[in-house]
Amino acid sequence: MTTVVIRGTKAQKYTGFTCIGHAGYAKPGRPDILCASISILVINTVNSLEELAGEALRISTNEETGFIQCEMESHLQEKSVFLMDAMVFGLQQLANTYGKKYLTVKFEEV
């Protein structure tokens, strides 16, 4: 199962997120389309925040465990908040479609 924890302040300001685990949706010998979808959403958001929006991020990864941690070094610009909102929306849609057995999206106030 993949768990994504979105961190933010009481004022709904994003401060970071962590994604860990492999979805485990695929049948043996088949590609895991859910895990790939989660990875695309998360990695594209990180890349877009850095390259398109110019945000300063601290990133940690481990491919084997499916671990990606992203910490924002300062308050996000409006366009960056939109990118994060889009990632969260996409992840929630995947969780609703495939079920919490494979993907859970949580929110943590910091």
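Tyr-25 is partly exposed, with a relative accessibility of 31%; this class lies between buried (under 20% relative accessible area) and exposed (over 50%), computed with a 1.4 Å probe on protein chains only. The model is predicted, so local features need pLDDT of at least 70 and side-chain atom pairs count only at pLDDT 80 or more, while totals for chains, interfaces and linings use all residues. Residues are numbered from 1 along each chain as its sequence is written, and side-chain values use heavy atoms, leaving out hydrogens and water.

Two aromatic pairs are found in the whole structure. Rings of Phe, Tyr and Trp (its six-membered ring) pair if their centres lie within 6.5 Å; planes under 30 degrees apart are stacked, over 60 edge-to-face, and the rest tilted.

| Pair | Centre to centre | Angle between planes | Class |
|---|---|---|---|
| Tyr-25 and Tyr-98 | 4.9 Å | 80° | edge-to-face |
| Tyr-25 and Tyr-102 | 5.1 Å | 85° | edge-to-face |

Tyr-25 lies in the loop between strand S2 (14–20) and helix H1 (33–51), and Tyr-98 in helix H2 (residues 78–98), so their pair ties together parts 73 residues apart in sequence. Tyr-102, in the loop between H2 and strand S5 (103–109), is 77 residues from Tyr-25. Tyr-98 is partly exposed at 25%, whereas Tyr-102 is buried at 16%. Ring pairs link Tyr-25, Tyr-98 and Tyr-102 into a cluster.

The elements of the protein run β-β-α-β-β-α-β from the N terminus; helices (H or I, at least four residues) and strands (E, at least two) are DSSP runs. Buried residues make up 40% of the 110 residues.
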